[in-house]
Amino acid sequence: MSVETEPSFHPRGGLCFRHVLTAHCCKPILSRLLFSKGIVGGLCKRKMAAACGGALGRIGLQFLRTRGGIAGPVSSLVPRVPLQGAGRSYGTGGGSGFRSKWFWTLPGRRVSGTVLGCAFLLGGGGLGLYHTVKFCFHNQFAQQMTPQSDTGDLRLTLYQYKTCPFCSKVRAFLDYHGLPYDVVEVNPVMRKEIQFSQYRKVPILLADDGETLLNDSSVISSAIKTYMISKDKNLKQILSYYPEMKYKDEKGKEVTEYSNKYWVMLGEQEVEEHYPSKESMKEEVKWRRWVDDWLVHLISPNVYRTPTEALASFDYIVREGKFGSFEGFCAKYLGAAAMFIISKRLKSRHELQSDVRQDLYKAVNDWVTAIGKKRQFMGGTRPNLADLAVYGVLRVMEGLQAFDDMMAHTSVQPWYERMERATKQHQGKH
């Protein structure tokens, strides 16, 4: 939040406090009294009011010490005007205003220093005390109400396909923790948006100064969570805990994997502070691995189960993704036909039942059973990384027939709705 040091105009119109003081109410000595110490310049309205009140209180004390009315050095603090009120008034449309005839025609045509001093002291001191207390309360209340981010000034940019379940996992994590991030939708055909990276898959999370890249959805969640908890390590140090490993599978295709990617890398004390027990941490790791090894592989066979479902899925993909008009047309019809065929191969590869819905139902019910009836989430009263991973994968089916069938034939809906609220409300931020 920036504060203007010497604004020329008040936000609601008219001259600012400093101009009013110097132009109408005070002689140069009062102006110097306030501004030479930086009392008004650079402060907000409440601080200026409190400072002015304090200054008026000091003027009152000086009057009480002189006991001679408006005389001597102190007289220069008050404008010299005709005592009969014949001078021009300010801000009253021609009436007597502040320099009223009554005020300046006290008995003896002289203002008592004691009376005037008391007036300054009581008025200025009271005003200063009121605004000081109000300012302090306002600051304390603002600090209590302003949410603090556990990532400080970490800047995040997510490169994604919106309908990708792995990208959805990362968004669920970031949204739940209330971490601000920019999104770059990647064209799945040309992928020009990620030409800067040797890693050609999404999600990719660009962090910090634009040079720190996090790949793999599980690594992203684990590393950022570790960063949020471990205040003494920077992000590059934390990424060294997840070393990259490359190898070739049975078909000779190069595969990139990451060690420890399901673990939040914490010390013993940090584990005790953030997990109910070591067993709960192991449970989180187990089910996060289950999401990547099993649950995510049930999505494509179910959303492309029939030609009609495949076409509806690609209609959604094209609508939400970054496609040109010709690319979108080809993707919708050719992609739907291709994925319908591929889904059958995936069904065989993962040894799914002839009705792939049954595998989806069983997996989801296994998850709900693991949570149990006594817990709202696997993390207890708050979602953990396993909750966020499962939710992120399942929600990519929203709006499709597979999602509606899952809600109708499993007991996942209460948990899913709790997760939806927790994510949208950024409950992990507090």
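**Close-up 1. A buried salt bridge between E309 and R357 in the predicted model**. E309 and R357 are both buried (under 20% relative accessible area, with over 50% termed exposed and the range in between partly exposed; 1.4 Å probe, protein chains only). Their side chains form a salt bridge (a side-chain nitrogen of Lys or Arg within 4 Å of a carboxyl oxygen of Asp or Glu), and the closest N and O atoms lie 2.6 Å apart. The pair joins distant parts of the chain, with E309 in helix α12 and R357 in helix α14 (residues 356-371), 48 residues apart. Helices (H or I, at least four residues) and strands (E, at least two) are DSSP runs numbered from the N terminus. The model is predicted, so local features require pLDDT of at least 70 and side-chain atom pairs pLDDT 80 or more, whereas totals for chains, interfaces and linings use all residues. Residues are numbered from 1 along each chain as its sequence is written, and side-chain values use heavy atoms, with hydrogens and water left out.

**Close-up 2. The salt-bridge network that includes E309 and R357**. R305, D355 and D405 are linked with E309 and R357 in a network of salt bridges. The structure as a whole holds 17 salt bridges.

**Close-up 3. The salt bridge between E320 and K162**. The side chains of E320 and K162 meet at 2.8 Å, N to O. This pair also links distant parts of the chain: E320 belongs to helix α12 (residues 307-320), and K162 to the loop between β1 (156-160) and α6 (165-176), 158 residues apart. E320 is partly exposed at 26% relative accessibility, and K162 is partly exposed at 33%.

Close-up 4. D366 is partly exposed at 33% relative accessibility, whereas K362 is exposed, with a relative accessible area of 52%.

**Close-up 5. A patch of positive charge on the surface**. The patch gathers K201, K251, K253, R345 and R349. Patch members have over 30% relative accessible area and no salt bridge, and like charges are joined within 9 Å. One of the members, K253, is found in the loop between β5 (244-248) and β6 (254-258). K253 is exposed, with a relative accessible area of 58%.

Key
Patches are made of residues with over 30% relative accessible area and no salt bridge: like charges are joined within 9 Å, nonpolar side chains (Val, Leu, Ile, Met, Phe, Trp, Tyr) within 5 Å. Accessible areas come from the Shrake-Rupley method with a 1.4 Å probe; for residues, only the protein chains shown count as cover. Lys and Arg count as positive and Asp and Glu as negative; His and the chain ends are not counted. The place of a charge is taken as NZ of Lys, CZ of Arg, CG of Asp or CD of Glu.
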